[in-house]
Amino acid sequence: MGKTALITGVTGQDGSYLAELLIAKEYTVHGLVRRSSSFNTERIDHIYQDPQQPGRTMILHHADLSDGVALVNLLREVRPDEVYNLGAQSHVRVSFDSPMYTGDVTGLGTLRLLEAIRASGIDTRIYQASSSEMFGAAPPPQNERTPFHPRSPYGCAKVYSYWSTVNYREAYGMFAVNGILFNHESPRRGETFVTRKITRAVARIRAGLQERLYLGNLDAVRDWGYAPEYVEAMWRMLQRDEPDDYVVATGVPATVRDFLHAAFASCGLDWARHVLFDPKYERPSEVDALVGDASKARDLLGWQPAVRWRELAGLMVEADIAALEEELSGARVRIDR
Ligand code: NAP
Ligand code: GDD
């Protein structure tokens, strides 16, 4: 019998890669999907299995991190060996516009899930998707011992979740771990995060469908890695004998301007001819530089990244060109669910 996992945020970038990874490891994967008025399962359509299919290994449930009772009921029903809490309002800029909502889902949502585990009385391990955004203004390089100084409602909510996870480990002996992941991207990255916004724009400018790209602060430094590699680190954290917290990063810094240059140059385009500044994309308080030191993950998890930001920019541009060509040829078909 394989293991059973429950993933919140299964429809997101990381959730989709993690579900693929766990299915390949012969897990039965249960995913929490929130109700939406439009389809929100595009990233997992290719691994979806019909409810009528016997012996399914991928099962979706409607629930929400704002509904603690639904979480208890779901855990009682699924009885997972491992829980991955990836669900969140994950956009930093949006968290300034919706701070209460972000606090409720990204912060309290984690506490609801931890309490739901206790209330359901099941024996399970839990991974919490913590973030380098918690370090905020603390200068790089950042590691597990760097003090937090969050600079956004999102960062504050993630700090609350981080400490709630540590508290449930200490208070109740729960196998609860924090993965403190630095920015990680892929062709499945949400379209409003800066890397994907840039790579989609490159594909559209190249095809003559768009002329301008409006961006905010180009000086911010980030440590961009490749999402499929990062979900492997999540899984490894839950296979250890003891629960602990780990930074996951490449350790390689780049500015938004560097990424912009590399993405445009990969198609022979000059970014300076297309990019304009719009203050609407600036944040009331910015995180200037995030560069991770992941030596603990390397030493204890045996985890090391292979893809660096420049290669990442190239592969994301290529994927967006291919997706656009498919869209323009009419070959892309939506699957009803
Ligand atoms: P993402 O693509 O934005 O996915 C977020 C997921 O959370 C989606 O499945 C979303 O559902 C779900 N969600 C939102 N509100 C919810 C609610 N009220 N109840 C239940 N689910 C809800 O994020 P990601 O990039 O995959 O990141 C995964 C997790 O890691 C997040 O917690 C994020 O904050 C954290 N993180 C990400 C990075 C990064 O660089 N990617 C770095 C550090 C930490 P819909 O699909 O319906 O919107
Ligand atoms: N989104 C966005 N859009 N960001 C822009 C833009 C723009 O038009 N122009 C400049 N930026 C800058 C932001 O100010 C920020 O400094 C940087 O690009 C990266 O922004 P995002 O891609 O939105 O990511 P983030 O670093 O704020 O947050 C991501 O990484 C965190 C880990 O450090 C998210 O995935 C978070 O969920 C995650 O926790």
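In the contact between helices α4 and α5, P99, T102, G103, T106, G107, L108, T110, L111, L114, E115 and R118 of α4 touch P153, Y154, A157, K158, Y160, S161, S164, T165, Y168 and Y172 of α5, where contact stands for heavy atoms within 4.5 Å. Sorted by class, this contact holds 10 nonpolar, eight polar and three charged residues; Ala, Val, Leu, Ile, Met, Phe, Trp, Tyr, Cys and Pro count as nonpolar, Asp, Glu, Lys and Arg as charged, and the others, Gly among them, as polar. The model is a predicted one, in which local features need pLDDT of at least 70 and side-chain atom pairs count only at pLDDT 80 or more, while totals for chains, interfaces and linings use all residues. Residues are numbered from 1 along each chain as its sequence is written, chains are lettered from A and ligands numbered from 1 in the order in which they are written, and side-chain values use heavy atoms, with hydrogens and water left out.

As for geometry, two packed helices are described by the angle between their axes and the distance between the axes. Helix α4 (residues 99–120) packs on helix α5 (residues 153–172) at about 15°, the axes being 8 Å apart. That angle makes α4 roughly parallel to α5, given that angles under 35 degrees count as roughly parallel, over 145 as roughly antiparallel, 65 to 115 as roughly perpendicular and the rest as oblique. The axes are lines fitted to C-alpha atoms, for helices over the stretch in contact, with angles running from 0 to 180 degrees between N-to-C directions. Helices (H or I, at least four residues) and strands (E, at least two) are DSSP runs, numbered from the N terminus. The α4/α5 crossing is right-handed, that is, the near helix is turned clockwise from the far one by less than a right angle.

With helix α6 (residues 194–206), the packing angle is about 25° and the axes are 10 Å apart, which makes α6 roughly parallel to α8. Here V194, T195, I198, T199, V202 and I205 of α6 meet V256, F259, L260, A263 and F264 of α8, a set with nine nonpolar, two polar and no charged residues. On to α10: the axes of α8 (residues 256–265) and α10 (residues 309–329) come within 9 Å and cross at roughly 45°, so α8 is oblique to α10. D258, F259, A262 and A263 of α8 meet W309, R310, A313, M316 and V317 of α10, with seven nonpolar, no polar and two charged residues in the contact.

Now for the ligands. Ligand 1 is surrounded by 26 residues, T11, D14, D64, S90 and Y154 being the closest; a residue is included if one of its heavy atoms lies within 4 Å. Polar backbone atoms of G12 and L86 each sit 3.0 Å from an oxygen atom of ligand 1. Around ligand 2 there are 24 residues, the closest being S131, S132, Y154, R283 and E286.

Most residues other than glycine have a negative phi, and most peptide bonds are trans. The P140 to P141 peptide bond is cis, with omega near 0°, and P141 belongs to the loop between β5 (125–131) and α5. E26, in the loop between α1 (13–24) and β2 (28–33), has a positive phi, near 70°.

Notes:
Polar contact = N/O pair within 3.5 Å; in protein donor to acceptor, adjacent residues only side chain to side chain.
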